[in-house]
Every structure is written in C-alpha cells, then in structure tokens.
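User: Please take a close look at one part of this structure, the aromatic rings. Give me the geometry with the cut-offs behind each term.

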Amino acid sequence: MQNKGLIRALAIILTIVCLFQLSYTWMVKSVESSAKSYGKGNVALENRYLDSMKTQKVFPPLLNVFTYKECKDRELNLGLDLKGGMNVTLELSTADVIRGLSNNSTDKDFTSALNNAVTRQGNSQEGLVKLFGEEFTKINPNNKLAAIFSTADLQSKVTYKSTNEEVLSVIQAEVNDAIKRSYNIIRTRIDKFGVTQPNVQQLANDRILVELPGVKEKERVRKLLQGTAELEFWPTYNFGEVVGQLVEVNKTLKLINERDSLAKATASGITPSVNDTTKKSADTLANSTDSLLNQIKNTASNDTTGKDSTGAGKQMSAEQFKREYPLFSLMTPADYMVKTQEDQKFVYESPRLGFAMVSDTAEINALLNRPDIRSIIKNDLQFAWTAKSSNPENDNVRELIALKVSGRDGRAPLDGSHVSEARGDRSQTNNQPEVLMQMNPEGAAIWKRMTGENKGRCIAIVLDNFVYSYPKVNEVIPNGSSNISGNFTDADAADLANILKAGKLPAPCRIIEESVVGPTLGEKAINDGLMSFVIAIILVMLFMVLYYNNAGWVADAALVVNLIMLFGVLTAFNAVLTLPGIAGIVLTLGMAVDANVLIYERIREELRAGKGVRLAINDGYQMAYSAIIDSNVTTILTGIILYIFGTGPIQGFATTLIIGIITSMFTSIFISRLIFEWMLNTNKSIKFSTKTTENLFRNKNIDFIGMRNKAYIASGAVILIGLISIAVTGFNQGVDFKGGRSYRVQFNEAKNAEDVRVSLATQFGNGTEVKTLENDRTFKITTPFMIESNDADADNIVEKKLTDGLKINKDQIIWSQKVGPTVADDIKQEAVLALIFGLLAIFLYIVARFRKWTFGAGAIIALAHDTLIILGVFSIFKNIMPFSMDLDQAFIAAILTVMGYSINDTVVVFDRIREYLGIHKKGEMSLVINKALNDTLSRTINTSLTIFFVLLAIFIFGGETIRAFSFALLLGIIVGTYSSIFIATPIVIDFDKKEREIKK
C-alpha cells in the first residue's frame, strides 16, 4: 500500500476533527440537561437558565474558549421534522411593486397588461416583469412605458426618451432590490422573534424561505411575516421627566397586588397577617424619587439586604423584594450605576428609562399596558424596547425608551416613507461605522422642524416597534440629510441602512407554502429514526461478521469510523439532519457495505486462485477500485440532482447521501486497508469466510441471458398492468403536487374515517380527503378549501373551521402543510426535470466510462423499467395499503434513489463485463456476459439483501412520516436487482447484436 503513513495520518486527523465537531453537540446537550434539572418541568425557568448561560464560556472543559451560544451555533442541526417547528415560503407581490413604481397608474393598457401577466405567471416559469412587457406590447405595440414610469421616484432612471426595454430593465432592477429589502426586513423580524437557529433564505421567483425550529405560535408567526414593516422617528422624554411616573406606577402596582391578595385571602376565609411594610402608606413608601431609587440600589447591592424608606437596614427576601417593587424587580432603573453628578446629568437627559432581561420584557409590557396603570401615565408617553443590547458582552439585556407622542393622531411625526436613500459608511471624525441617510423634500422639511424642536434632546428611530438608536440632536438639520451612529460594526451599519431604506415592506408578502410539525411528532420522529438507525447498524454489522468471519469485524470498524466522519462533516458544514436524512444515512450504511463486499469478493476470488493472503488482499483492492468508483459516482450524481431540485427534507436526504457516499468510499478503501496492513504485520489470522459461506454461490452457471425473453414478457406484463391502472385510476397526489392544505390530527379516542369526513363536510364542503394513519386515533386530512384565497388570515380561518368541525383543540393538530397552486405546479415541473436530468447524467456517465452507447442504453432502459413498475404499484395499491401512498417530493426522492442504487448494481456487472471482454476478446458475448453475471452473483445478492434488511428496518421502525418513502425504496431494491440482471445486461447484448447486423 503506497503512502501508508500519509493515509494513516490523514485518517487520524479527520477522525479527531470530526469528533471535535461532534463534541459541540455533546456540550449543548449537557447544558440543556442541566437546564431541565434546574427548571424541574418549568419551561420558563429552563429558558431563563439557558439565557443566563448564553455568554458563559463552557467548552472545551478547563480551557473554556467557546460560550454556550457559540456551541449552540455549531451543534448538529436537526430539521423541523425531528424537533418540531414551522417552515414557511413567502412570495413577494411583484405586481404590487410594479404598481407602486407607476405611482398606482390607472392607465387602462397598463392595468390590463399587468392583470394578464399575473394570470399567465400561474402556468409559466418566466418572471412577471418579462410577461408584463410582452402583454403591454401585445395590447398596443406603439405604447411607451416611459409615459407611465417617468415618476418622481424614477426620474433619474427613466426619461420620456427611454425605450420599453430600458424601462423594463429598470423595473426588474427595482423588483430585485425590493426582494432584497424584503428579505432584510424578514430576517430582522425573525432575529427579534427569539427563535433558536432560524433559517431565512432568499429563493428564486420572488420567494423567501423561513424555517423556525420549535415554534408553536403559528398565528403570531403568520402576522409577523405577512405584516408590513413600519419605520418611525419619534421625539422622546428624558429619564428625569419620567422617573416620577415610574415611581407612581411601582407604587400603584404594589397597592393593587396588596388589595388583590387581601381580597383573595378574605374570600378564602383566611385572616391575612399584615407586616410593617404593608401597613405603610403609599406616600411613606415612596417619599421621593431619590429615596426609592436609593432603596433599590442598596437592596440590589446587598443581594437580600435592603433599606426601608426611612433608611433603616433590614433583611429582604427575593419574594419580599418583588412585592415591594413590582416594576423595579423586573427592570433596573437607568440611574442605578450613577456615581458622579456628570453621570447623573447624562442619564437624566437620556430617554433610557431602565434595563431588563429579554425574557422579562413581555411581563413589563403587560404591567405598563394595564388600563389601571395607563390611567396614571401621561397620554403622550409611550414605551418601546431597544432592538439589541448596548453591551456587546451581554446580548440578553434590552433598554426601555420613553417616546413622546406629539401629534393628535398618535402617529410618529416622520416615517420611513420619507427616507429616499440610506447607506453604511465610516465617520469622518472618528472613523467609526455609521449610517448616512437622505430624505425626500417633504421629509426634509419635517426633519428640519423635528430637529429644531428637539435640539439638545434625543430622537428615537423605531422599526417594527423596536428602537434601533436614539441619537442626540446637536443642531438643526435643514437639508434632510443626517447620520446615525451607535455601537455599530460595519455589518450593523449596512443592515440598518437597508432597514432605513426599506421602511415598510415594498409590497405585501403572502404565505404560499407552509409546514408545521408539532413537538410531540418531532420527538416521535427522533425516536423512530434512532430505532431504525440502531437496528439497521446491528443488522449490517451482524451480517458482515456472519458471512465474512473476522474480516467482517474490519468492515464493521470501518463502518463506525464512517459514521463518526459522516456526522462530523454534517456538523462542520452546518447541514440539516432531517428524518429522510436519517434514512439517507441508513442507506449509506448499505452502500458502504457494498464497497466492502466488492473488495471481499474479489479477495476471495484471488485466494481461490491460490494466492497468499497478502497478495490476495493487494490484488483484491486493486481489482475492486474501478467498480467502487463507478458505482458510487453514479449515486453521487443522483444525490446532486436531488439537492438541486429538491427542497427542505429532500435536500437533507441528498446532503447526507452525498456526504455518506464520500466518507464510505474513504473508509472502505483506506481505513479497512490500514487495519488489514496492521493485521498482516502483526501476523494476525485473517479469514474472509466461514465454513457455511466458503463455497456459497461458487461455480454457478445460470443461463441468465437465455432467460431474457421470459423476463421481457414478465416485465412487459407488469408494466402494462401498471400503465392501465395509471390511465384509468391515476394516483393519489400529495399536496406537493396538487396544492391544498393537509393536517395530521390526533384524537383522544378512536374514530371512524367516514365520521370525520362527515364532520368536516359542513365546514369545507366537497373535496376533503380523510385517511387513517397508524391507528384509529390519528388521521390525515387534506382539503383545497380557501387555498387560492389572498386573505392574510385564511390559514387561521381554515384551522378554526377544522377544530370547530372536529371539536378538538389546536394542540391535537400535530402536523400541517400548505402548498399554493403555483408552488404545486413548480414542484411538479421540478420533479419532471429532476427525473430527466437524472437519466441524462447517468446515461452520459455510463457512455463516457464504457465507451459504448449500448451500455448507456441498457442502463437507461433498466431505469425506466424500474420507475414504471414502482409508479404502477403506487397506482394499483394507492387505496389498499394501510399507509399513505401519495405522490409527492419524497416519492420523487425515492425514485431517484432507486435509480442511483439500480445503476450502482448495473455498473458493477458492466464493470466485470468490460473486464472479461478485455480478456476474452474473441469469446461469444452471451457466454462472457453470463460468466460476468454468475461471478458477481455473490456480491449482487449480499449487497441487495443487506440493503433490503436495512430498508426493512426503516420501513417497520422509521415511523409513519417516511413509510411510503421507505416502501418505494424497498420495492426499488427488489426491482433494481432484478433489472440489473435480467433487463440491463440482456439489452446490451440485443442492441449490440442489432448494431452488428446493421453494420453488415
């Protein structure tokens, strides 16, 4: 073995790096376990513990270099189907952007062209701008778009002399910019939503993908994503002007709490004990602002030691402190850290009222918005929290800012509609990042007035009700230009500039696709996935030892290293592990075994030829390389196509499949070889078979080619029956392909599917499908009701009708999915393209590798044969099987995976045929191919059985979510093995024979 030392070093380094990457996940689980122990079932306490740990350096042990948050960002990322959450695809209304650019033109030709383009887009892959241009020209070829789009906002880009092509180019650029700005606003909203490890991606076709793990508040998310952003500029109150009101609020809350406690105790027949503090009047409790704030400072600085209003020291528990100061126990006043008069002047002239933990802001908001509290607060005083902490060391703290309502309508004097330009830059005075902004003429006039009225005071810049900064006005700004500085990085300044420029969303965003997985289903998916994973590993490792003796242990060791590397690489690249991804890993195990089987079968052949163990191992590896590389490359091609055309879980499956194939090739070829080298150098005994398996499949001489006509007839009959079923009854299409809403509902008692359907008929009308899943308490419900509605509240309306019709609560909806008609059409087109490109890529590779078109044709016909049989089975048995057999994205993934496996099997046979044709150049082709088929029969059966039992474990234990997916794979393994022997190879002979006849 050449470069043995280098390979050994590389293997050790890769294993250590992968283990280190996985250790982040171990540390995160350790911290979260401590949080559960701390909370003892109280989720709020668990979250508070985790919030406090975010900035704590916990890893590696003793060194403590990385914080919990940094470890969390680096842990193995689980998909929504494994941990629950919400997956949403938003579509920006490009039509509204175009209308806005035209200043909402009422021109008839413009309106008709835009409406026609929107209608056409439903069945087209072209962009709306291009379709709009075509329709506009079609209505009146002499019309000029410049007459409509030479508006004030576009005056620098569109003139009356601009051609239609030039105007369309400007419109497209503005639409692209609108999509980017919408993405930034959505990203900002999600970041402020408080979800761990959110994923926001800008997709093609004016769409934005949002993944929110662990989210339960579906309505809140829908409002958050579909609402229009609001940028506002507010004058502010200073701390010194408002602190008295805060004291009054605290005093009132204390009295309200005492009154409620007294009433509750009296109603219970208990005589309350009133301590000295409770007996004090409110006036004595808060003699002055200064005395109360001093009490808080003294109490906090001594942990549980406080001073009463007279200054006398006394012990105060945390509970007593909260009773005494209901507001200030949650929020630390702004002057808490004041030590000098200069500090005090700065604080009292700032609009910052206090600091609070992010987890406490909701409770503070609830207190300040109580009607009985609002009644004692100035009418023109409003509150808003900062978007982020001013302390870079602790991102869990927010500041409460006092806003001053100056207008009668309660609106901000200036909003984002007046900001015409904003950009990130560096300050000329201190070279720190800042944001430069320019307002339109109307905004400049308002800005001049605001800065004049608030000279020496702060103006708060608010987006989506969060304060981004509150700069102090040093002088009147007359020209509408200004700069905003703060605790910015260059990236922060660029982001804020985007937000300022965007203001509101350029156009409405509508949810066109949605998937929600409840935490219960997510936990079940993890358990099912792990169960199938463990059983599959045990089956594979047991088979290798039973069949290949102690050489099987070498393959098992390589398999363990393969798993470490696979999970390590997934973690390092921040890839998402989904339930289909686990299926991909399990399938990878089978493919890894295939490489070992190829090598071992070759070694056994060399041993039977009389070679010594060392030489047999060396030659066995050499002879197997070609087949291993060819078979794995075709599977990787399938994975790449799946990744390109798939979304969500399917991409997760493709990712794990690609990475798994690469790591399995490395471990099968190099790791196992290193172990064998060590065994040879230490004179260890190496055996590649047991007494039972030593002569199994040896000296077989089955005439496979002679049986090809019978195989053609049998396959033709099965395919014909399937095609008749497809033509007559069709398929059960999932919502991926037909559009609609799908729900998985769990009842507390057994139900009948027909009764469920009847219950929903009055709510949804006709077209609702109900299927029983797993047991008589879990059902899958699919309905097209309101799927084409543009109402932003449509999802909530449908969900309300579902719960009312079935008389269940929302928690019993454990999974839901929504796919709009446009998205469904796109998915179907992408599925067809994936199949076409998959076949084309495999055909080209086979032709390139074997340099004969007949090999490529045999492989493609075999793949078409496999696909048609699986489609036929899904059509025939769609209403017979006790699980869903819908055609959806997962089914397409299964078809492509079957294609990958089938071609893998075929390529191994083709590789042996190519080898034998090189040796027996004048031999009868049918005899040579028969010999190749018989000599690879052991490998074919061993690999097929191994992968079959692996997939059987997934099918039985993998859960309902991937049962149809694993069934398609199971069926594909059987059909693929059959076609590689009885279809692909005989086709090569028949085509080759035809080619020779034509040449003659």
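Analyst: Phenylalanine 543 counts as partly exposed because its relative accessibility is 22%. Here buried means under 20% relative accessible area, exposed means over 50%, and partly exposed lies in between (1.4 Å probe, protein chains only). Tyrosine 547 is buried, at 6% relative accessible area.

The model is predicted: local features need pLDDT of at least 70, side-chain atom pairs count only at pLDDT 80 or more, and totals for chains, interfaces and linings use all residues. Residues are numbered from 1 along each chain as its sequence is written, and side-chain values use heavy atoms, with hydrogens and water left out.

Searching the whole structure gives 30 aromatic pairs. Phenylalanine 543 and tyrosine 547 form one that is stacked, with 5.6 Å centre to centre and 25° between the planes. The terms work like this: rings of Phe, Tyr and Trp (its six-membered ring) pair if their centres lie within 6.5 Å; planes under 30 degrees apart count as stacked, over 60 as edge-to-face, and the rest as tilted.

Both residues sit in helix H21 (residues 519-548). Phenylalanine 543 and tyrosine 547 are four residues apart there, so about one helical turn separates them. Helices (H or I, at least four residues) and strands (E, at least two) are DSSP runs, numbered from the N terminus.

Next comes a pair between helices. Tyrosine 548 and tyrosine 600 are edge-to-face, at 5.2 Å centre to centre with 70° between the planes. Tyrosine 548 lies in H21 and tyrosine 600 in helix H23 (residues 579-608), so this pair ties together parts 52 residues apart in sequence. Tyrosine 548 and tyrosine 600 are both buried.

These residues belong to a cluster. Ring pairs link Phe543, Tyr547, Tyr548, Tyr600, Tyr621, Phe676 and Phe688.

Rings also take part in contacts with charges. Arginine 74 lies over the face of tyrosine 24, 5.7 Å from the ring centre. The charged end of arginine 963 sits over the ring of phenylalanine 955, at 5.9 Å from its centre. The criterion is NZ of Lys or CZ of Arg within 6 Å of the ring centre and within 35 degrees of the ring normal.

Helix H35 covers residues 963-999. H35 has 37 residues and reaches 50 Å from its first C-alpha to its last, close to the 54 Å expected at 1.5 Å a residue. That expected span is 1.5 Å times one less than the number of residues. Of the 37 residues of H35, 27 are buried, so the helix is largely enclosed by the rest of the structure.
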